[in-house]
Amino acid sequence: RPRLGRPDGTDPDGFYAEVARAYIEYARQTRAPAPEIAREAGVPAGTARGWVKEARRRGHLRPGRKGKAG
């Protein structure tokens, strides 16, 4: 998987698919994947959480469960 960075606006759906792939990868390693995504992309954790939320909205991730990554 390529390193995640800030979106450039050319392929929003592709970007959120990449966010989903990163989320799934980090969810296997930690209970808090969003901060890991933030660290990788060089953005605040809140931004990464927003990306995850949008990836879920677009159907790239299953609906979240409180307290559970994945």
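**Exercise 1.** How far apart are Arg 21 and Glu 18 in helix α1? Work out, too, how their side chains pair up in this predicted model.

*Solution.* 
- Start with the positions: Arg 21 and Glu 18 sit 3 residues apart in helix α1, so about one helical turn separates them.
- Next, look at the side chains: Arg 21 and Glu 18 form a salt bridge, with the closest N and O atoms 2.5 Å apart.
- Finally, check accessibility. Glu 18 has a relative accessible area of 19% and is buried, while Arg 21, with 43%, is partly exposed.

**Exercise 2.** Find which parts of the chain the salt bridge between Glu 40 and Arg 1 ties together.

*Solution.* 
- Begin with the contact: the closest N and O atoms of Glu 40 and Arg 1 are 2.8 Å apart, in a salt bridge.
- Now place each partner: Glu 40 belongs to helix α2 (residues 33–41) and Arg 1 to the segment before α1 (12–27), so the pair joins parts that are 39 residues apart in sequence.
- Buried means under 20% relative accessible area, and Glu 40, at 9%, counts as buried. Arg 1 counts as partly exposed at 40%.

**Exercise 3.** Trace the salt-bridge network that includes Glu 54 and Arg 57.

*Solution.* 
- Take the pair itself: the side chains of Glu 54 and Arg 57 meet in a salt bridge at 2.6 Å, N to O.
- Both lie in helix α3 (residues 45–57), 3 residues apart, which means about one helical turn between them.
- Then widen the view: Asp 13 and Arg 58 are linked with Glu 54 and Arg 57 in the network.
- To finish, the model's count comes to 7 salt bridges.

Key
Residues are numbered from 1 along each chain as its sequence is written. This is a predicted model: local features need pLDDT of at least 70, side-chain atom pairs count only at pLDDT 80 or more; totals for chains, interfaces and linings use all residues. Side-chain values use heavy atoms; hydrogens and water are left out. A salt bridge is a side-chain nitrogen of Lys or Arg within 4 Å of a carboxyl oxygen of Asp or Glu. Helices (H or I, at least four residues) and strands (E, at least two) are DSSP runs, numbered from the N terminus. Buried means under 20% relative accessible area, exposed over 50%, partly exposed in between (1.4 Å probe, protein chains only).
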